[in-house]
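Reader: I'm new to reading protein models. Could you walk me through this one, feature by feature?

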Amino acid sequence: MKIVYPYIAIDLDGTLLNSDKKISYADYYAIKLYTSLGGKIILASGRSPLSTEWVAENLSIEKSIVAFNGAFIQCGSEKQYNLIESIFQVKDIEYLLKLCDEFELEYIMYNYNSMIINNVTPLNKRWLNDLLDFSYLKTNANYSEYLGRFHVIKWNRTAELMEGILKFVVLPNKMDAFEKMFSILQNQDFSLNKTPRYIEITNNFYDKGKALEKILEGTDFLINDIMVIGDNYNDLSMLRAAKLGVVVDNSPLDIKKQIKNMVSNNDNNGVTEAILRYAIR
């Protein structure tokens, strides 16, 4: 057996993670097989850097990650950095906070290792445990060490907490207001990813595709040499740019119309199917 693609970039939520936010044994061992043949995995997620790195640790792969939809990159285990262009200016955070206050919407702000919330509510409570339980995989990853590096901060309206923000999330505690705010944001200079559960807002300097290009700068390969597996609108930039883009069957219909290569859904080992069908021969 040999690999067809030197790298595979894989999205997490909705792709590698199933509906229970777990990695199936089949997907786990398919990744193991691919990496044992010399292939390398890049995890590309909207999740925080620590949460994405935590998944890499449990997969025992090199910690090359894209987090916050491209606003943060880590190249291997040693080199990690925020992309300076991706940090929100304070005036942009003030604008987003003003809109949330006006529409009475809940929100979350993220910097590298902190989640800043205005209130603990049923909507944002599930974000508090950002690091997932992979104990069933029986890896040697140190959960308590990672958890100790992640902080939840109650928003106190101080100026210093508006600095270094890489992602802003709006929650749909009022659906009409949620839709109105999204309509306004579409006319602003932000990068948006909307689902029924949240609006993710980042600066538009980097997306997942551009972030992958940045990671691959230090290698002998370009993004059009690699394979990408994803499921949603925030994955389109990398799915389109890759040599082969593959979507799981739980992707929105509009995504499946644009990306023709499709595998089983994230609850039926879609990543395994993609690796065995396309990445190994």
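Author: Let's start with helix H2, residues 49-59: ten of its eleven residues are buried, so the rest of the structure largely encloses H2. Buried means under 20% relative accessible area, exposed means over 50%, and partly exposed is in between (1.4 Å probe, protein chains only). Helices (H or I, at least four residues) and strands (E, at least two) are DSSP runs, numbered from the N terminus.

Reader: Before we go on, what kind of model is this?

Author: It's a predicted model, where local features need pLDDT of at least 70, side-chain atom pairs count only at pLDDT 80 or more, and totals for chains, interfaces and linings use all residues. Residues are numbered from 1 along each chain as its sequence is written, and side-chain values use heavy atoms, leaving out hydrogens and water.

Reader: Okay, back to H2. Which residues of H2 are buried?

Author: Pro49, Leu50, Ser51, Thr52, Glu53, Trp54, Val55, Ala56, Asn58 and Leu59.

Reader: And what covers the buried residues of H2?

Author: The cover includes helix H1 (25-36), strand E2 (40-44), strand E3 (65-67), strand E4 (72-75) and helix H5 (143-147).

Reader: How do I read a strand in a sheet?

Author: Strands of a sheet pair through backbone hydrogen bonds, either parallel or antiparallel. Two strands count as paired if DSSP finds at least two bridges between them. Here, an open sheet of six strands has the order E8-E7-E6-E9-E11-E10, with mixed pairing. Strand E8 (151-154) and E10 stand at the edges with a single partner strand each, so one side of each has no neighbour in the sheet. From one strand to the next, the twist averages 20 degrees.

Reader: Which strands pair with E11?

Author: Strand E9 (residues 167-170) runs antiparallel to E11, joined by three bridges. Strand E10 (residues 191-195) also pairs with E11 in the antiparallel sense, over five bridges. For individual partners, look for Phe168 with Ile201, Lys194 opposite Ile199, and Ser191 with Thr202. Between E10 and E11 there's a hairpin that joins them through two residues.

Reader: What about the two faces of a strand?

Author: In a regular strand the side chains alternate between the two faces of the sheet. In E11, Tyr198, Glu200 and Thr202 are on one side, Ile199 and Ile201 are on the other, and all are buried, leaving both faces covered. Five of the five residues of E11 (residues 198-202) are buried, so E11 is largely enclosed by the rest of the structure.

Reader: Which helix lies across E11?

Author: That's H6, which lies across E9, E10 and E11, running at about 155 degrees to E10. Axes are lines fitted to C-alpha atoms, for helices over the stretch in contact, and angles run from 0 to 180 degrees between N-to-C directions.

Reader: How do I describe two helices that pack together?

Author: Look at the angle and the distance. Helix H3 (residues 90-103) and helix H6 (residues 175-185) pack at an angle of about 150 degrees, with axes 10 Å apart. H3 and H6 are therefore roughly antiparallel. Angles under 35 degrees count as roughly parallel, over 145 as roughly antiparallel, 65 to 115 as roughly perpendicular, and the rest as oblique.

Reader: Which residues of H3 and H6 meet?

Author: On the H3 side they are Tyr95, Leu96, Leu99, Cys100 and Phe103, and they meet Ala177, Lys180, Met181, Ile184 and Leu185 in H6. Contact means heavy atoms within 4.5 Å. The residues of this contact divide into nine nonpolar, no polar and one charged. Ala, Val, Leu, Ile, Met, Phe, Trp, Tyr, Cys and Pro count as nonpolar, Asp, Glu, Lys and Arg as charged, and the others, Gly among them, as polar.
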